[in-house]
Amino acid sequence: MRTALNIATDTLAYGMVLFIISIGLSIMMGLMRVVNLAHGAFAMIGGYLASYAIRDLHVHYSLAILIAVVGTIIVSIPFELLLYRRIYRKSDPLIQVLMTIGITFFIIGVVNFVFGPSLKTIPLPALLSGPLDIGFRSVPTHRLFVIACGVATALALWLLIEKTEFGIKLRASVDHSGMADALGIRTEIIYAVTFALAIGLGAFGGVVGAEILPIEPFYALRYMVTFLVVVSVGGAGSIMGALSASLLLGLADTTGKYLAPEFGEFFFYLTVIVIVFLFPHGLFGRSHA
Amino acid sequence: MNERAKSILTLAILGLMTGTASADVIKVGVIGTMSGPYALFGANYKMGIDAWVAEHGNKVGSHEIEFIYRDEEGPNPAKSKALAQELIVKDKVQYLAGIYFTPNAMAIAPLLEESKTPLVVLNAATSSIVEKSPYIVRTSFTMWQNTVPAANIAFKNGARKVAIAVSDYGPGIDAEAAFKKTFEADGGAVVEAIRIPLNTTDFSPIMQRIKSSGADTIFTFLPAGPPALGFIKAYVDNGLKADGVKLMSTGDVVTEIDLPGIGDSAIGMLSTYHYALSHNSPENKAFLASIVKNGGKIEDVAMTGVAAYDGARVIYKMIEATDGQRDPEKAIATVKGMKWISPRGPVSIDPETRHIRQNVYLRTVTKVDGKLINKEGDTVFLDQPDWALSKQ
């Protein structure tokens, strides 16, 4: 029983980190049909900005998150205008993959040059650091913060996409961009805003997830597979999908580590194989035939 | 052709021949990780060698020494083998040095005897590498060399029940075996042994397992960087530090490069290692000063820098003994038993194993003037051999 509770706590925390970082990628792939392999690179930029803001400018953690998200979106604007805009929704996957992996290497090189090859941490405020006793065990306080962030993100996105006018326009542009254009929806603006949203979520995830996935120049490549797996298991573009995939994969990974650590990543990938076999478009994905 | 032209030509040829004999260039091929995630360690090869050359000149007798660097990139044996072949055949190097990863060293070993090229390994730390060719000398360290003292000191400091958590790859498994064997021989018990997959990011479950095993001390080995950081954070955040469970490792986990990133949670952590940046000796001060003078930065210095500095010394000695001729037997025989004071302390090349013997120090992570360092204490294990190779 105690073990089960332990597993549940760790699953929730790890799953939420996966969710926060992957949801931006999921939106990008589901709504814009861009396989953005550079997503991790943008998350990493967010992490570096937050680390710099706290360690060198001595701002508060909450302000640093804001700086990271806004800063990363500003950095991404030239990429959007010059490169991404050309590949939304229509181009061949090979071009997307080549372009975004190129951007990834470019960002890794620049970051390595500017910030150096070593790890950068994002110091936590006293309120969030250290262990917190929750009765049957102690958990890192920061994990609870991450869980709360995950729930808030999922809720906010759901409201945005399902309940606002922007959400209606976005769904219209996604379902039939030609028709949406004809009805007077400025699809390129909708896309640009969605791109910014996806990048901003990536940066946010990079900052709050940094305790588990530390920021260093090769972050962008190291965790690329993990992010892509979450999106493909959950189904691109679906909030529920990304959430349930993150929790399921977190569960598989955590349970494996508790009960049979010698199997390594076996259970994680077994779960991936079984789900993708049963649901080729992911748990909540739609086929885009 | 008349007589005069002939004699001029003969003179010219003679001149060329004597010219090459007196002012020849001896090339040394250095294979290291110059790009990618391990680039800093490759850069350290260059820093260490540059420091040595700056202090001792680029000439041994009348022979000019030229170092040629090649990029090993990552654990890629086929690529390293191709690089070594190219260096030997095209660039005609007389010595090879470097190699960060064990599999890469294993791939190069068979080429050495055939081409009569000695190799000075500057990092790759699996014990058996030196057994793969009689032409290999190593100036770095091995997992066994640093782990056996860790187990001894853990028992001496009162540890009785230890949980071992290592990364699931070659050096991790070496560390686990070395610790378990030594600690159990001392009379302690290993209550939990966990092999952690290399790409693990969440260490919380592992900490819970250790907690429920009732261990009083954790011994760990993980590659420096994100895994080490995540492990130490999980150790603190899951309350094991507060519960008084001790954490020990080899120095690979708490490198001076990563300490600022790990932060204050590392304070008090014990580790055993052959080199600390803060090692207090005139040799180390001179070494670091010479690194800085050549454009290096103190905060970038890693163990590979010292290994390269000492490696350059070994190569210079070999060139001196053979007078620039390709004579690997003589070169290797000369450096067997060679003794000197390195920036890390007194060292020697073990004549049996061709691996470096050195002191291993017990260090504590301490904050001095706002900077985290590995502070060496009074506990020093003198003249440690590679315990896996030595029969003693």
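Me: Is the crossing of α11(A) and α7(B) left-handed or right-handed?
Reply: Helices and strands here are DSSP runs numbered from the N terminus (helices H or I, at least four residues; strands E, at least two). A crossing is left-handed if the near helix is turned anticlockwise from the far one by less than a right angle, and right-handed if clockwise. By that rule, the crossing of α11(A) and α7(B) is right-handed.

Me: What kind of model is this, and how are its parts numbered?
Reply: Residues are numbered from 1 along each chain as its sequence is written, while chains are lettered from A and ligands numbered from 1 in the order in which they are written. Local features need pLDDT of at least 70, side-chain atom pairs count only at pLDDT 80 or more, and totals for chains, interfaces and linings use all residues, for the model is predicted.

Me: At roughly what angle do the axes of α11(A) and α7(B) cross, and how does that angle class them?
Reply: Axes are lines fitted to C-alpha atoms, for helices over the stretch in contact, and angles run from 0 to 180 degrees between N-to-C directions. The two axes come within 9 Å and cross at roughly 25°. Angles under 35 degrees count as roughly parallel, over 145 as roughly antiparallel, 65 to 115 as roughly perpendicular and the rest as oblique. α11(A) and α7(B) are therefore roughly parallel.

Me: Which residues of α7(B) meet α11(A)?
Reply: Contact means C-beta atoms, placed from the backbone, within 7 Å. On the α11(A) side stand A:Thr254, A:Lys257 and A:Tyr258. Their partners in α7(B) are B:Pro205, B:Ile206, B:Gln208 and B:Arg209.

Me: How many nonpolar residues does that contact have?
Reply: Ala, Val, Leu, Ile, Met, Phe, Trp, Tyr, Cys and Pro count as nonpolar, Asp, Glu, Lys and Arg as charged, and the others, Gly among them, as polar. The contact of α11(A) with α7(B) has two polar and two charged residues, and its nonpolar residues number three.

Me: How many residues of chain B are in contact with chain A, and which elements of chain A touch chain B?
Reply: The contact joins 25 residues of chain A to 29 residues of chain B. The elements of chain A that give two or more residues to this side are α1, β2 (138-140) and α11.

Me: Why is α7(B) largely enclosed, and what does it pack against?
Reply: A residue is buried if 20 or more other C-beta atoms lie within 10 Å of its own, exposed if 12 or fewer, and partly exposed in between, with C-beta atoms placed from the backbone. Seven of the 10 residues of α7(B) (204-213) are buried, so the rest of the structure largely encloses this helix. In chain A, the buried residues pack against α1 (2-31) and α11 (239-259). In chain B, they pack against β7, β8, β9 and α8.

Me: What is the strand order of the open sheet in chain B, and which are its edge strands?
Reply: Two strands pair if DSSP finds at least two bridges between them. Six strands form the sheet, with mixed pairing, in the order β2-β3-β1-β4-β5-β6. Pairing on one side only marks the edge strands, β2 (59-60) and β6 (136-138).

Me: Which residue stands opposite B:Val120?
Reply: β5(B) and β6(B) pair in the parallel sense over three bridges. In β6(B), the residue opposite B:Val120 is B:Val137.

Me: Is B:Arg354 buried or exposed?
Reply: B:Arg354 sits in the loop between β13 and β14 of chain B. Its phi is positive, near 60°, although the residue is other than glycine. With 24 other C-beta atoms within 10 Å, B:Arg354 is buried.

Me: Is A:His58 buried or exposed?
Reply: A:His58 is found in the loop between α2 and α3 of chain A. A:His58 is not a glycine, yet has a positive phi of about 55°. With 9 other C-beta atoms within 10 Å, A:His58 is exposed.

Notes: Two residues are in contact if their C-beta atoms, placed from the backbone, lie within 7 Å.
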